[in-house]
Amino acid sequence: MDIIFELSFIWAGLIAFAVLTYVVLDGFDLGVGILFPFAHSKKDRDTMMNSVAPIWDGNETWLVLGGGGLFAVFPLAYAVVMSALYMPIILMLLALVFRGVAFEYRWKTERWKRVWDAAFFGGSTMAALCQGIALGALVQGIKITDRHYSGGWWDWLTPFTVLTGVAVVVGYALLGATWVMMKTDGAVHHRMRDLAKPLAIATLVFIAAVSIWTPFQNYTYFERWFAMPGFLYTLPIPVLLAIAIYMLFTGLARGHDVTPFLSSMALFVISFIGIGISFYPNIVPPALSIVDAAAPDASLKFALVGTSVLIPLILAYTAYAYWVFRGKLDPDNGYH
Amino acid sequence: MLSSFAAETLARFQFAFTVSFHIIFPAFSIGLASFLAVLNALWLWTGDAVYRTVFDYWKKIFAVAFGMGVVSGIVMSYQFGTNWSEYADKTGPVLGPLMAYEVLSAFFLEAGFLGIMLFGREKVGNGLHMFATAMVAGGTLMSATWILSVNSWMQTPAGFSINDVGQFVPEDWWAIIFNPSFPYRLTHMVLAAYLTTAFVVAGVAGWHLLKDRNNPATRTMFSMAMWMALIVTPLQIGAGDAHGINTLEHQPVKIMAMEGHYDSHPDGAPLILFGIPNPAEKRIDYAIEIPKLSSLILEHDLNAPLKGLDTVPDDQEPPVAIVFFSFRVMVGIGFAMLGIGLWGGIQRWRGRLYDTTWLHRATVVMGPMGFVAVLAGWITTEVGRQPYTVYGLLRTSESLGPVAAPAVAASLISFIVVYFFVFGAGTFYIMRMMGKHPGTARLGLRDGPVRAAGITPLQQTHNAHPAE
């Protein structure tokens, strides 16, 4: 238990936190894009986009922190993961380019508005799909020889990764629907309420399918989830999941505003922790451990000093920004 | 072998392409964010509605430019890994933490307060809105500081050792961050961003002055931009000179390429104003030279000896022609900016700043030239560093990851198609916004008459309009 060991584990936790924060925050604003074609009118689409316009940029910054943080403290993991997931990463980046600019461009043109609507939908969906595929590819394992990626260029594309890709699209759509429900009144609110229930059911089906399939990707995962004593440690996960599912469906049934959104987020947090349990102590399964991939102690320490001050500060002003734009959206209020 | 060469070439082109597109937007948004903060402060301080009008005009342009900067920047943060994973593994321990600090101290700050700056004035009040605007501006400067520290370290590495798997290991963070070329590079880049923005603002104002000389918002923009041009251009030329002397000390080969010194000059080197590098014969064809001036500029001594590329092995020589030309483009634009700045100063002194049509035309032409200069300067410094990614230590060819040429080619083509479509559209929207009249000052902060740049036009009757 020397200091390097502990620092690298603290950092693994911090990177996981950044990625999870990204998933739940950008998850709902990507979800808003995924649901764009389901809006009945142009006005509803305006409202949906305005519900995330002031905050999407901050949400996406967590993705930059996930990538930048990995580069800083686990450079080897960053190097092999980016090589292995070359194509889904590039596709995700291009998709994020499209949807990111749509936030501004959409308001600058009438004739091309439909094009940027399509870019917002297509970009959001593609980004979500690629993130899910990347996750699945990581779970199924990445081949490494002598600090280099040694697999093929299409290893990331398997039935399992397609399943995880679609699962993430559906899950983000649920986050988006419950977010818009929370932020709006009137027609668009009801439209999202109608969509939320089937999306919730679909999300659960996908969580179940991925959960059942995952342990067969790697015997370590199987042992951890189904054999003693791993089973006892992982038992709280399904229990918490059941509670979140109960809250989600009762919240939807009773017409609550906030509960469905928070419960959907909880589904993601719990699933994410479940994946983390499968991975531990690796950062890139099946063979690259957190300790092996860590940067030298001097890097970990230097980065940790500022991070421990800056992350709470960021959380504080991010919370403030959300607070400023709290409550139901006034559909006529926008700066455009 | 052939395919690894092809993969390297394609990957280099891809990086150059994506980073060239990206650098345009920060260069603009650093300057524009500070401009907006100053305008907002002036509005709050003086209550003069003209500043609010100008603020609102540029705020919309800033939002679009910033959006393009964000999305092209996300691409950059992942590109070190996709094509350059060997570089990422080796430099990660030193450069990764600096980039992580850029994200933590700058990107979040910008993103967190951007929403409030754009959408939140009515919700948070003028004071907090000013604070948010200042935070966005501060974030852009903080971001520039970190990323230039990273870039400078790649040019003049310091404060590290190398471990048994070939990674750079940090030894002294102070020496890493404040590496020898960092202060010069940061100053040069931030001034470049301010100048670029000043000339864009001057160009837009010049365009509108040509149509209407009496609009107070246009006059204010033009006046502020011309002050910036007059003051910052000489500072920039001084900063560039100091940067050049620093480069001679730490990257002499780059200076040889910039200056076109194929031969050593033991008793005073001439300044080659122009010519055509001939890499095969290792000389500058058709050179127009001023004797001894290069030694005077670089060493402040007419007869100081300067070494040439003849002292450098071929495999350590950067592509001379690219560096030679891009440097001349940058310097040429710099001196043209100086000329416009001085011209504007003279016309202002004579009381004819808003009436000199030819000056307005010239600023329209010069409007986009800052971007050209930034790109040319960036090419000079980055190509001049070749064949290394970390100067003298890590070759570009050793930085490449296990990429296949077809994969890099496919992604390169995708980037080119998407970038031209997306950023072409964005540039079109920005140009269209710039083509729109800035409008008239119509919002007073306080009750009372509107003072608009010293004149009191008829528009002041519009003061009665309610706040947006």
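Which residues are linked with A:Lys42 in a network of salt bridges?

**View 1. A salt-bridge network in chain A.** Joined to A:Lys42 in this network are A:Arg45, A:Asp46, A:Arg106 and A:Asp117. A salt bridge here is a side-chain nitrogen of Lys or Arg within 4 Å of a carboxyl oxygen of Asp or Glu. By this rule the count over all chains comes to 22 salt bridges. Before you look further, note that this is a predicted model, in which local features need pLDDT of at least 70 and side-chain atom pairs count only at pLDDT 80 or more, while totals for chains, interfaces and linings use all residues. Residues are numbered from 1 along each chain as its sequence is written, chains are lettered from A and ligands numbered from 1 in the order in which they are written, and side-chain values use heavy atoms, with hydrogens and water left out.

**View 2. A:Glu110 and A:Lys113 joined by a salt bridge.** Their N to O distance is 3.7 Å. A:Glu110 counts as exposed, at 61% relative accessibility, whereas A:Lys113 is buried at 7%. Buried means under 20% relative accessible area, exposed means over 50%, and partly exposed lies in between (1.4 Å probe, protein chains only).

**View 3. Two salt bridges within chain B.** Find B:Asp56 and B:Arg52, whose closest N and O atoms are 3.1 Å apart. These two residues are separated by about one helical turn because they lie 4 residues apart in helix α2 of chain B. Both B:Asp56 and B:Arg52 are buried. Now turn to B:Arg395 and B:Asp315, with 3.6 Å between the closest N and O atoms. This pair links distant parts of the chain, 80 residues apart: B:Arg395 sits in strand β6 (residues 394–395) of chain B, and B:Asp315 in the loop between α9 (293–299) and α10 (320–349) of chain B. Helices (H or I, at least four residues) and strands (E, at least two) are DSSP runs, numbered from the N terminus. B:Asp315 is partly exposed, at 49% relative accessible area.

**View 4. Where chain B meets chain A.** The contact (heavy atoms within 4.5 Å) takes 73 residues from chain B and 63 residues from chain A. Together the chains bury about 6200 Å², 77% of it on carbon and sulfur atoms; buried area is the accessible area (1.4 Å probe) that two parts lose on being put together, summed over both. Look for B:Tyr78, B:Phe108 and B:Phe119, which supply 13% of the area that chain B buries against chain A, more than any other three residues.

**View 5. The salt bridge across the interface.** The rule finds 1 salt bridge between chain B and chain A. B:Asp89 and A:Arg147 form a salt bridge, with their closest N and O atoms 3.0 Å apart. On the side of chain B that touches chain A, α3(B) gives the largest share, 28 residues.

**View 6. How confident is the predictor in chain B?** Chain B averages a pLDDT of 86, and 93% of the residues score at least 70. pLDDT is the predictor's confidence in each residue, from 0 to 100. Over residues 441–468 of chain B the pLDDT is below 50, although this stretch has 46 contacts in the model beyond near neighbours in sequence. Where pLDDT is low, the predicted coordinates should not be read in detail. For the complex, the predictor gives an ipTM of 0.86 and a pTM of 0.87.
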